[in-house]
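Here are my notes for a colleague opening this model for the first time. Please read them beside the structure.

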Amino acid sequence: MKKYMALMGAAMFGVVCFSLYLMMESASMNQSRYTDLGKDEVDVIDSKIHQIEADLQKNHKSIDVIKEVVGQLAQGDSRALEKLKNALDIEVHGDAPVPSRIKPNITAISRNVVRVPEGMCSFAETPPAGTDVQMLNVFDHIPFDNPNGGVWKQGFPISYDVSTWQDKPLKVILVPHSHCDPGWIKTFEAYYRDQVRHILNNMVTKLEADSSRKFMYAEISFFSRWWQELDESMKGRVRRLVKSGQFEIVTGGWVMNDEAVSHYSAMIDQMIEGHQWLEHELGVKPKSGWAIDPFGHSPTMAYFLKRMGLKNMLIQRVHYSVKKYLAQTKNLEFLWRQNWDHDGSTDMFCHMMPFYSYDVPHTCGPDPKICCQYDFKRLPGGRVTCPWRVPPVPITNNNVAQKAEILLDQYRKKASLYRNNVVLVILGDDFRYDKPEEWENQFGNYKKLFDYMNAKPDWHVQAQFGTLSDYFDALRERAGTEADDTPTGYPRLAGDFFTYADRDDHYWSGYFTSRPFYKHLDRVAESNLRKAEVLYSLATALSRKQASSTFPASAMLEKIIVARRSLALFQHHDAITGTGKDHVVIDYANMILNGMQNCKTVISVCAHYLLAKDKSQYAHDPSTLYFDVDEQRVAQDSLPQKTVIKLLPEPRTVILYNSLSQERSDIVRLYVSEPFVEVKDPLGNVVQTQTDLFWMNNEESSSDIYKVSFVAQVPALGLSKYTIRKVQEGTNPSATFPVIVMYNAQSTTSITRGPFKIFRKITEEFSIENSDMKVQFSNGGMIKSITTVKDGQVNQVQVQFVKYGTINAKEKSGAYLFLPNGPAQNIDVGNPFIRVVQGALMSEVHVFIPHVEHTVRVCNSPGTSGSSVGIHNIVDIRGESNYEIAMRLMTDIQNSDGQFFTDLNGFQMQKRKMQRKLPLQANFYPISTMAYIQDGQSRFSVMTAQSLGGSSLKTGWLEVVLDRRLMQDDNRGLMQGVKDNKRTDYQFRILLERKLSDAKPLPTQPMGYPSLLGQMSSLDLLHPMHIIPQSQHVTTLTPLEPQYSALTADLPCELHFLNLRTLQIAEGDFTPSQTAALLVHRFAFDCSYPAYGFKCSISGGQFTLEGMLKSPRITKATSTSLSLMYDSHNVDLTTAVQIHPMEINAYKVHLS
């Protein structure tokens, strides 16, 4: 036995020595290969040499231990075998040696560090301009006790002194309107056919019948649909009504967009779509914003309306306790200021409606029982009645005095809640005025009431029909303010109005997550549309000088417009929110899918054209596209299927598209038919690859699909041509293969599949790592901690999946409401199957627990993915009932006072505070792209690729709700539960950042800013590099350039190329204009944290338009408003333009 142990020890010693010899020989050979290298390459090689030296030092120590152990073995010490096992990291299971800690060769990565010049951080380090009302403080102040307020149940009794209006009579502006949802209970087209076209047809004839009548409308999606059916005579009649002021278009967006889960770029796009249509067809520029139905309100929307040139806005759905608080101090009208505003330039005049709803019973005054009697659609004999069982009656000479006096009392009480003596009353509801009888009943009866009031001088009232602009004009006139100037004497308010509750503890935090499959589809479509817009604008401009080119400019623009309008429609507050009927959701999704497929085609066609060496010889054939799309969806409710590249010994071309304005070096993954491959970069150099198995189920992999990853370098706003081909096994020394370990597998036998070694082991703790971090996992496969290599600090980060039920009460959780039955319960994961894949470029952990396929990814990449941990979940809860699943991340961050930060629309960060006086559901907020917690030393951020609801319920926690399955309606009008769940994928990145030692302390303020690394990581997640593979049937390609970049140089790190959107010459004409809309956004960021993983510099938001693009070039530029309605001035192309932090600048540029 002693002899056997000694021989085995000696053999192991020999193996180790031989391995060290090979490693040193390899290092020597590798160094001799590089003779003429640039600085960056030398730095990378230098870091590799340092890594090898460290490994050598470590192995010298191991050799010393092995020598000692072999001697002990020779003496018969059986305990020495355990020492030897630890020294060699080997376990013995029968005949198969299984590594206990598998560590693939991980190359040390050199990441570019961005230096922030002095003074560039002053924006975040300086307190913003002051305000009179800060919503973060308001929530601290309000008791939320909800006492019975009498007839105004959620408010208080209102009294007034009739002498108030003696000097200046009360002016009443009654605004008839119809709120038309572009999809909710019915589809867009069904609503149009059944109701909307009748509303608009009636509008023309009924307004023409009496010049004192007014009407207001908002949704351009419906209006443009109706316009298509009109002859020129009818269009002329509509234009005359608009010109006379009888008919007003408010807001002018394609839809009345949601303000919680919509991304800011999609919000801008849908506004541009509506405003451009109005400019082409009506020559109208809306003056006022109108948002009576979004479920909570964001200051992002106020900023957009201000920068689009609108002067006023109105909002409605705000927490009933907040309305009461603001009403008590007459602060229901205010100047809405951005939290980050340093000079007051963002102030937007805002009117908040005071009562429960926007229907007639809740708009004339505080008593809904009385107000309902003045909704003349509810006259006896109709389908709509008053729930208070006192119906309206026609106004006659016999009752007009009494009825007018009662109504005036309501008007006066409502006016007493505001600072001016003009009162706004709206007259309408969902899909009102679709019948001629309602027009006559409403206008006829109110005319009698107003005539009587106005004939009573001692009543001191002037009542009239009007529009929203009539109200704001009257308000300015009474205040002595010039038209369109900001009114004086109003408080400055900052903050947002989430989370909305309409009564009791009914918080509308459920829709932040409802139908997450479609929220994710929306974000993917949005990214594809932006990519298509930019490439199309560049390709079209270049194609103009090639008269012989057959570039399909008009056909591609038509595809883009379809995509623009389908995505714009989905921003509607009953679409992206997940609060429509099942068949309506399917209708939206089919439109989005069609638009997204259009965009993918546009991207492939334009990329091919831009890389073509001889564009004069370019020939477009729509039946034979040279390049394929990156993925396909077989249906609107299916997950995407990646395009698999069929490899041959001859190289296949793959174009990589970087739509961001900074160069990217990051990992790209292709799906291919062969495991042994060779990938070459645009210069023809073979690059390192990692080939992974494609898993069909837990343990079975495909024999004809593999995943190939490599680090790709793609220029800013540019394209790179890579090639990939099949090679013989062992012929490509740059090819690597991961080691795979399975836990809790069906068998304990380790196997080999071609180049892949698959070990099966018993449950244990394990880790994966890159050159920056080590992620430790529990034996249940969940993240346990993250160790940062630089400082060796171990940070507690635990991932847990939890579930919520719904309350056992009359009203339960539904599409809108989140009404949990208490704190979340842990999901018992048992002993899950775990697959660990450890590779040189990418390591992954796959865990299969009830309802979730959970993947954690660590990339060894020079880009932002190498600085964060990727999390990919596939969730399926279709077998559950009244079940909500969330991912909880528990850290050792000591965020004080329950404070955390969530983004608003991906545009700005808002500080939150856990309010323990409120129910659990009140503390959930929308997370569109990012949330973080922080303490004095560290920040922990979660970036998400789709909008979801989330919170921080305890110190160190962040929680994100993933999916909801509710079996009942929550009594908010939908009349169904949420039972159409899909198998849904989610992508997150978690980022742990340590504060710089010399970081300046930031002032206490109600908002935060992402770090620059956090901001860039979020952009990379939202806009991944786009893969454009060569079509399978194409065997030869026209000559292509190796790379294309539109930019002369990378834009500064803080500037985001938001869009380059080609304008239409006219509605219905798909001939592209030579003018495009260029939108550039400057981020503000927190300089307290290091920035690395991207190659750009900080410039203070400065750039020149002349030097921005090189192919094509900008030859003329006009500064314009955010939705292109108001042109400002021609821009000197050679003079540096500076964008202030947080601002978005818009230009109309001529491309040549």
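1. Some ground rules. This is a predicted model, where local features need pLDDT of at least 70, side-chain atom pairs count only at pLDDT 80 or more, and totals for chains, interfaces and linings use all residues. Residues are numbered from 1 along each chain as its sequence is written, and side-chain values use heavy atoms, with hydrogens and water left out.

2. The chain splits into domain 1 (53-89), domain 2 (166-497), domain 3 (512-625), domain 4 (643-737 + 1023-1042) and domain 5 (1051-1151). These bounds come from an automatic or database domain assignment. Contact (heavy atoms within 4.5 Å) between domain 2 and domain 5 can be read against their C-alpha centres, which are 35 Å apart. Domain 2 puts 22 residues into the contact, and domain 5 puts in 22 residues.

3. How much area is buried between domain 2 and domain 5? About 2000 Å², with 57% from carbon and sulfur atoms. Buried area is the accessible area (1.4 Å probe) that two parts lose on being put together, summed over both.

4. Polar contacts cross this interface too: 8 residue pairs, both residues at pLDDT 80 or more. The rule asks for a pair of N or O atoms within 3.5 Å; within protein, one must be able to donate a hydrogen and the other to accept it, and residues adjacent in sequence count only if both atoms are side-chain atoms. On the domain 2 side, α9 (264-281) and α10 (299-308) each supply at least two residues. The most come from α9, with 12 residues. Helices are DSSP runs of H or I, at least four residues, and strands are runs of E, at least two, numbered from the N terminus.

5. Now the strands, which pair if DSSP finds at least two bridges between them. β48 (residues 1055-1066) and β49 (residues 1069-1082) run antiparallel, joined by 9 bridges. Gln 1064 stands opposite Pro 1072 in β49. Their hairpin has 2 residues between the strands, and Gly 1068 there takes a positive phi near 85 degrees. β49 also pairs with β54 (residues 1144-1151), antiparallel, over 7 bridges. Thr 1075 has His 1150 in β54 as its bridge partner.
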